[in-house]
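Please open the structure in a viewer and keep a selection tool at hand.

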Amino acid sequence: FEPVANHAQRISDGVERSEFKHVTVHRCAVAAVVGEMTLKIAGDDGDDSMAFLDEYGGVDTPSAHEQYGAFTRTTVQTTTLDSLVGQIGMPRFIKIDAEGEEAHILAGGAAFFARHSPLVMFEVKAGSTVNTGLQDAFAEMGYAVYRQHGDAPILVPVDPTASLDEFELNLFAAKPDRAAQLAAENLLTPSIPEWPALAEPRHIAWDTFCALPFAGAFATITAGSRELDRTYADALAAFAYWRDTAAPLPDRCAALQASFRLLGGLCQTAPNSARQSTYARVAWEAGERAACVVALQAFFAEAGTRSFAITEPFWPACPRYDAVNPADRPMDWFLSAMMEQLERARAHSTLFGGESSALDWLCDRPFASAEMERRRILLAAKAGKNPVVPDHLRHPAADHLNAELWASGQIPGTRLAG
């Protein structure tokens, strides 16, 4: 359902080119009533745009006007989910992203949601405003609310007593029958049990670390004393359990939450480089993105006040570095992992995060991903610097699939060497 004419046409064109016979584009807005409403649009011709129904207010805020400038108005057709009952089959998944209009869509879909049992992904934050009432609205319809565990395809219950992570944009809702289906596929846990500390956590922590591909580059750690702070050992052992995909999912999620709590306290009272790196990693996998960013920023803020000696087992802040060989530059590798993860986590998009001097340092190291190099070039292009596309972005790789486009000279604001 897309009410913005230009966007709907682009989607339709893509559907036709892709020969997606199963996709139908509805050129209307979903609302609380069937009829006509005024749609306010900004940035319609660009990639970054915003539209909302004027009657509902949406995200009509000073910050929206500051970012997008003037809004234009047009009349669009509206429909409701209830009016579609029986017309669109039995949906398994619905995504609702309507710039603050979500509650009105639910109001026009009471019969729809009573009849069907889809997994619903809904935007809970429009601009800087968290729509806390949406969770209550879903609960009244018999849906429990969940959030995603970091990058993993796993849903866990939202704690109604805790504040949402400031980076959380979308939540999920499901009735008990749909939740049970997802739980049977190890994609959801309806509850998180208490986590009992594991026996012999120091042995688990050390054995797990020594088995990691990069551990050999840190011989001073593996060859030293196997003593380890008990709280840190418990946190490392719990994280190792989380990563055991053969273990029961509820217990794995409990272990991850326990590791996150333990490391958070430890990094407050006795931080060091290994613990901050591990905390950033655990926070990221737990879907606690703000905590990940804070840990990484604290590390770099203290960079000039203490040494980078790594004396304990750890996990690299960036998951990709698990498989990256440090070779003979372990400290550069460690710092690159910290910096790359901060670049990935600090903003939803480089478009909003702005320029970063750290990217130049990172991309001068042999460990940076193609993603980081793309960011560096695109930011320079956005700033009008007309950067040269580096040679390695002109060749395909596992983490760089559109090399042909980069080699074609068609990336706006960039140029090819020679």
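This is a predicted model: local features need pLDDT of at least 70, side-chain atom pairs count only at pLDDT 80 or more; totals for chains, interfaces and linings use all residues.

Residues are numbered from 1 along each chain as its sequence is written, and side-chain values use heavy atoms, with hydrogens and water left out.

**The sheet**

Select the five strands that form an open sheet in the order 5-6-11-9-10, with mixed pairing. Strands here are DSSP runs of E with at least two residues, helices are runs of H or I with at least four, and both are numbered from the N terminus. Two strands pair if DSSP finds at least two bridges between them. At the edges stand strand 5 (93–96) and strand 10 (155–157); each has a single partner strand, so one side of each is left without a neighbour in the sheet. From one strand to the next, the twist averages 30°.

Next, select strand 5 together with strand 6 (residues 119–123): they pair in the parallel sense over four bridges. I94 has V120 in strand 6 as its bridge partner.

Contact means heavy atoms within 4.5 Å. Axes are lines fitted to C-alpha atoms, for helices over the stretch in contact, and angles run from 0 to 180 degrees between N-to-C directions.

Then select helix 6 (residues 176–184), which lies across strand 6, strand 9 and strand 11 and runs at about 105° to strand 11.

**K125**

Move to K125 in strand 7 (residues 125–126). K125 is buried but has no salt bridge, and the nearest side chain of opposite charge, E166, is 6.4 Å away. Buried means under 20% relative accessible area, exposed over 50% and partly exposed in between (1.4 Å probe, protein chains only). A salt bridge is a side-chain nitrogen of Lys or Arg within 4 Å of a carboxyl oxygen of Asp or Glu. Display also the backbone oxygen of E166, which lies 2.7 Å from a polar atom of the K125 side chain.

**Two asparagines**

Finish at N386, in the loop between helix 16 (370–382) and helix 17 (403–407). N386 has a positive phi of about 50° although it is not a glycine.

Note on methods. Lys and Arg count as positive and Asp and Glu as negative; His and the chain ends are not counted. A polar contact is a pair of N or O atoms within 3.5 Å; within protein, one must be able to donate a hydrogen and the other to accept it, and residues adjacent in sequence count only if both atoms are side-chain atoms.
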